[in-house]
Amino acid sequence: ATPMSIMVGVGKGAHSGVLIKNAEALERLAKVDTIVLDKTGTLTEGRPALKEIRPVGSLTEDEILRLSASLERGSAHPLARAIVAAAEARGVELAAVADFDEPAGKGVVGRVDGRAIQLGNAAFMRDNGVRLGQAEAVAEGLRENGATAIFVAADARPVGILAIADPIKENAKAALEALHGQGIRIAMLTGDNRTTAEAVARALGIDTLEADVLPEKKSAFVMRLRAEGRVVAMAGDGVNDAPALAAADVGIAMGGGTDVAIESAGITLLKGDLMGIVRARRLARVTMANIR
Ligand code: ADP
Ligand code: MG
C-alpha cells in the first residue's frame, strides 16, 4: 500500500463524515466480510422513551415512576435517562437513595424510603431472588412490540413493568441493504432480551442475532467469528462496546457515542450515520484496488 493513495483515501473519508485513524484500518476494512452491530445507540437512536407503566401490585403508576426515577438518577444508561425524563415530564418528585449500585448490563439497585428497590432485566430480577410470576407474561407482550421491558421490584416483589422503546435509526435499513449488496454478512449483538432483539432484527433483515449478551461477552462473540475465519468489523457506541471494538479486525465507533468507544476504534462515523459504513467500505475497496 502506498502511503500517498492511503492518505487520499483517508482525506476523502473525512469529507463524508468518516474518520479513519490509520492505513491499517482502511486496509482491513477492504477485506471485511462480516459486520457486527450493537443494537442500542448503533442501530437504534439510543434515545429511548418511556411508553408505558404497568403496575402489577398495589402501587400506582406515579409511585412506580418515583421509585424508578429516583434510582435511575444515579445512572448514565440511555434507559435510565428515559425514566428520569418521564418523571420530570409528569412532575413526579424524586426521593433520596442509599446504597446505590449499578451492575453493568443488568440494572440498578438501591434503597428508597427504607425499601430495597431493584430495576432491570429478568436475569437481574432472578439474581436478586425476585419471583416474576404474572409480571413475566406482561413483559413478553410489551417486548413483542419491540419495547424493552424493565422490571421494578420493591423488597424482592415485582411492583411494575416499564415499557421503553428506542426507535430504529431512519437510514439503518437502507445501510444494511447496501452492505448486503456488498456481500457482507450482518450480525446484531445486544444486552437486550431475545424477543425485543428479534423484533428489531426482523425489521432490519439481520442475518445473525446474539441477544442477552453481558458486556464482557461482547468481545468473545467477535473473537469467535474471527476464529471461524471471518474478517470482522464491529460497530458500537457504548463504554460496554470498547473491548469488542478492540477485538475486531476493524472497530467502528459512532460519533456522539462515548469517548472510550472512539479511542478503541479505527474508524469513527460522525453523527453515528450508518451510511458511513457503506461509504467507508466502498472507499477502502477503491483505495486498495488502486494500489494493487
Ligand atoms: P445494549 O447492548 O443493548 O446496549 P446494555 O448491555 O447496556 O444494552 O444493557 C443490557 C440490558 O440490561 C438492558 O436492555 C436492560 O434490560 C438492562 N439494564 C442495563 N442498565 C440498566 C439501567 N440503568 N436500568 C435498567 N435496566 C438496565
Ligand atoms: Mg449500546
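Biologist: Does Val-138 count as buried, partly exposed or exposed, and why?

Modeller: This is a predicted model, so every value here is computed from it. A residue counts as buried if 20 or more other C-beta atoms lie within 10 Å of its own. Val-138 has 19 C-beta neighbours inside 10 Å, so it counts as partly exposed.

Biologist: Where does Val-138 lie, and what is it in contact with?

Modeller: Val-138 belongs to helix H7. Set aside its neighbours within four places in sequence, and its contacts are Arg-54, Val-56 and Ile-161. Val-138 and Ala-149 are 11 residues apart in sequence. Their C-alpha atoms are 9.0 Å apart in space.

Biologist: Which strands does helix H7 lie across?

Modeller: Helix H7 (residues 134–143) lies across S3, S7 and S8. It runs at about 0 degrees to S8.

Biologist: Now the sheet. How do I read its pairing, and in what order do the strands come?

Modeller: Strands of a sheet pair through backbone hydrogen bonds, either parallel or antiparallel. Here six strands form an open sheet, and the pairing is antiparallel. The order is S3-S8-S7-S6-S5-S4. Strand S3 (49–55) and strand S4 (98–101) are the edges, each pairing on one side only. On average, neighbouring strands are turned by 15 degrees against each other, direction ignored. Helix H5 (residues 78–90) also packs on this sheet and touches S3, S7 and S8. The direction of H5 makes about 75 degrees with that of S3.

Biologist: How many bridges join S7 to S8?

Modeller: Seven bridges join strand S7 (residues 148–154) to strand S8 (residues 157–165), and the two run antiparallel. Val-152 has Gly-160 in S8 as its bridge partner. Ala-153 stands opposite Pro-158 in S8. S7 and S8 form a hairpin, with two residues between them. In the turn, Asp-155 has a positive phi of about 50 degrees.

Biologist: And how do S6 and S7 pair?

Modeller: S6 and S7 pair in the antiparallel sense, over four bridges. Leu-119 stands opposite Val-152 in S7.

Biologist: How should I read the two faces of S7, and which residues lie on each?

Modeller: In a regular strand the side chains alternate between the two faces of the sheet. On one side of S7 are Thr-148, Ile-150, Val-152 and Ala-154. On the other are Ala-149, Phe-151 and Ala-153. Both faces are covered. Seven of the seven residues of S7 are buried, so the strand is largely enclosed by the rest of the structure.

Biologist: Step back to the domains. How is the chain divided?

Modeller: Domain 1 takes 3–45 + 168–291, and domain 2 takes 49–165. Their centres, taken over C-alpha atoms, are separated by 31 Å. The contact takes 12 residues from domain 1 and 11 residues from domain 2. On the domain 1 side, H3 and helix H9 (194–204) each supply at least two residues. The largest share of that side, four residues, comes from H9. By class, that side has four nonpolar, seven polar and one charged residues.

Biologist: Where does ligand 1 lie, and why there?

Modeller: Ligand 1 lies between domain 1 and domain 2, because both give residues to the shell around it. Of the 24 residues around ligand 1, Thr-40, His-77, Gly-105, Asn-121 and Gly-191 come nearest. Helix H3 (39–43), H5, strand S5 (107–112), strand S6 (115–120) and S7 each supply at least two residues of the shell. By class, the shell residues are six nonpolar, 12 polar and six charged.

Key
Residues are numbered from 1 along each chain as its sequence is written. Chains are lettered from A and ligands numbered from 1 in the order in which they are written. This is a predicted model: local features need pLDDT of at least 70, side-chain atom pairs count only at pLDDT 80 or more; totals for chains, interfaces and linings use all residues. Two strands pair if DSSP finds at least two bridges between them. Axes are lines fitted to C-alpha atoms, for helices over the stretch in contact, and angles run from 0 to 180 degrees between N-to-C directions. Two residues are in contact if their C-beta atoms, placed from the backbone, lie within 7 Å. A residue is near a molecule or strand if its C-beta atom, placed from the backbone, lies within 6 Å of it. Ala, Val, Leu, Ile, Met, Phe, Trp, Tyr, Cys and Pro count as nonpolar, Asp, Glu, Lys and Arg as charged, and the others, Gly among them, as polar. Domain bounds come from an automatic or database domain assignment. A residue is buried if 20 or more other C-beta atoms lie within 10 Å of its own, exposed if 12 or fewer, and partly exposed in between; C-beta atoms are placed from the backbone.
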